[in-house]
Amino acid sequence: MNNGKKEQKGTRPMRRVEAREWWLWGFAVTVTLVLTAGIVSLTYPGNHLLQNSEWLDLKEWVRGLACLVLLFDIYTVYQQLQIQRIRRELIQRNQLFEVITENAADMIAVVDCAGNRLYNSPAYQKVLGYSSEELQLTSPLEQIHPEDQQRVLEAAKKAELTGRGERLEYRMRHKDGTWRILESVATPIPNEDGQTAKLVIVNRDITERKRAEETIVHNALYDALTDLPNRALFLDRVRHVLVLSHRHLSYKFAVLFIDLDDFKVFNESLGHAAGDALLVQIARRLTASIRGVDTVSRSVLTQAASPVASEASLARLGGDEFTILLEGIRDCGDAVRVAERLQERLAIPFDVNEQQVVTTASIGIAFCATSYTNSEDLVRDAEIAMYRAKREGKARCQVFDNAMHTLAVKRLRVETDLRRALEQEEFRVHYQPIVSLQSGKIVGFEALSRWQRPEGLLLPADFIQIAEETGIILAMNRLLLREACLQLRAWHSKFPCDPPLTMSVNITPKEFAQTDLAAQIGTILAEVGIDPRSIDAEITETIVMANPQTSNLVFSELKALGVHISIDDFGTGYSSLSRLQGLPVDTLKIDRTFISKIETDSDTSEIVRIIIMLAHNLGLKVVAEGAETAEQVHLLKELDCDLVQGYFFARPGDHAAVEALLMSTLTVEGWPSPIATR
Ligand code: C2E
Ligand code: MG
Ligand code: MG
């Protein structure tokens, strides 16, 4: 209503001047009447007044009258000046209004209560493309979006009744046919009775701002690369379905967690741009597939005469992880069928950068259960099942079950314990000797982690995998390397020999993936002050084969440092010696599974013989892992194996145990049997 006040402010002086004008008119009429009455009475025949000079003096009459007329004139001039001033103000105000409205970026319109347009500012032409004349021919509602018309009418009515305009957003059609979003405020102009006579509507084009806001909201809920819903939106959808399933117990759904197998390898070998292109194609194919899935599930449902319609929504959680929410299914079997079908579709090669790319995916499935209370748990369980699928050989699907849950809880506990153990320095290093078959003497050791817990010593099988998956391994192995190097330095001075004793350390996939691995190792070796040639980095065949490109680079860097390189667990990774040929490797460690069978299985001993022969041809040394019996050691010596590591010689032990062993084998004549005796 404050605009009404402004309006009153403008009209009040005018009213005052007008009132004074009426006074003047009244005064003039009164003076005229008095004058007329005086003249009439004075000129009336038989009038005695003129004879009675005491009673009336004509001069006085005229003088009094002249004074009145003078006063009247002065007041008329004053009044005229006031009127002129007010008129000038009004003209100026009008000019100001014109300048403001003609130049304002906002569109200003004046309409009367019947909805007729009285004025449209030129901004209409700039913003919406309509000239003032074009607008004049149409009703104000005509360009407004049909869905918004009612709201606009209601707001105008409300402003008219209450005298207060509210902010309103609505869509208006541009002359080119597109819709613009306007923000408007209607201000009522009251007439003299205080009733709304007109509405001044100020419209602002907020289309761009709205789009920017929408983009921000979209980006918060959708993945930038694939434009699929992201984790937040997916979890929200699962939350809704979860509530629904709690209300209707017959309503079943499942969450599928899809992770591409070996996507990292692809990314590294073809580059990140190609990786992104592949992800976009996968997203498209999954989207197309779940449309198919929808029908697949529906046909299943039709057979079951279920009244529930199925639906599937896809999301990308990040990296190569996708999730699908499968609604309205009959049982877990439906979800498995859908997962298998997705795997089939993903198996069809993709065309990336004119190259045919074949990919597989591991899928974990979490089926709804009343025990679930939040969506995160469902996605977490689907992820746990996916990891199980990976561990079982990839390219398969796994349904989450309670056993997995127990395992997951255990893993979580181990993870927490591992972090604590790291802080409280509970990790120990044990050393297992590596013995030369030629001299029977210890030539070096393999450093192996042990976890000293109150209940006993834990072997790597119980924690290395989790440490690896959680990344704890990085800190763990840095500590191990430092301690093993310090120990080796002490043994070098206590047990000097030529060549000096060596120390083998194991490198895991996570460590191997670090681009600065060689630099890290180099720093530790320099700090401890140990010759890098005494250090042997053991890298499993599987790691090498999974990262051929990285391997070449990391190997060269390690070699440049002076560190030796061994291929660990050789024979388990389906690689061939020829593939190792180009790599700067020094030693092959034949896996324990071969060594354990060489005495009993002639084929195995033949394989070992060939491996040793080919390795020697390539200039590599061979270590046999896990020799437990004298026969195995004897056979390995016959097969011309260079080094042996196994329980037959010694189990891994702490530094004191190993030191005692070194005393007896290095300072005396080497290992007592069977090398020396046979
Ligand atoms: P690996 O590198 O192949 O280590 C050899 C494993 O074989 C050791 O098991 C060793 O105790 C065992 N072994 C040696 N000789 C015999 C034998 O005659 N018979 C039998 N049955 N086993 C034998 P461990 O210490 O349990 O380590 C298992 C694996 O854990 C290692 O395999 C290595 O891959 C990993 N690992 C151990 N410690 C570390 C560590 O500190 N860092 C990393 N990254 N990995 C480690
Ligand atoms: Mg090893
Ligand atoms: Mg090994």
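Let me begin with the word donor, which here means an N, O or S atom within 2.8 Å of the metal (3.2 Å for Na, K and Ca), and since water is not among the atoms, sites may look incomplete. This is a predicted model, in which local features need pLDDT of at least 70 and side-chain atom pairs count only at pLDDT 80 or more, while totals for chains, interfaces and linings use all residues. Residues are numbered from 1 along each chain as its sequence is written, chains are lettered from A and ligands numbered from 1 in the order in which they are written, and side-chain values use heavy atoms, with hydrogens and water left out.

Along the chain, the donors of the magnesium ion (ligand 2) follow the spacing E-x59-N-x31-E-x29-D. They belong to Glu446 (OE), Asn506 (OD1), Glu538 (OE) and Asp568 (OD), at 2.0 to 2.2 Å. Asp568 also coordinates the magnesium ion (ligand 3), which lies 3.9 Å from the magnesium ion (ligand 2).

Now to the cysteines: how many disulfides are there? Taking a disulfide as a pair of cysteine sulfur atoms within 2.5 Å, the count comes to zero. For Cys641, the closest cysteine sulfur is in Cys497, 19 Å away, which is too far for a bond.
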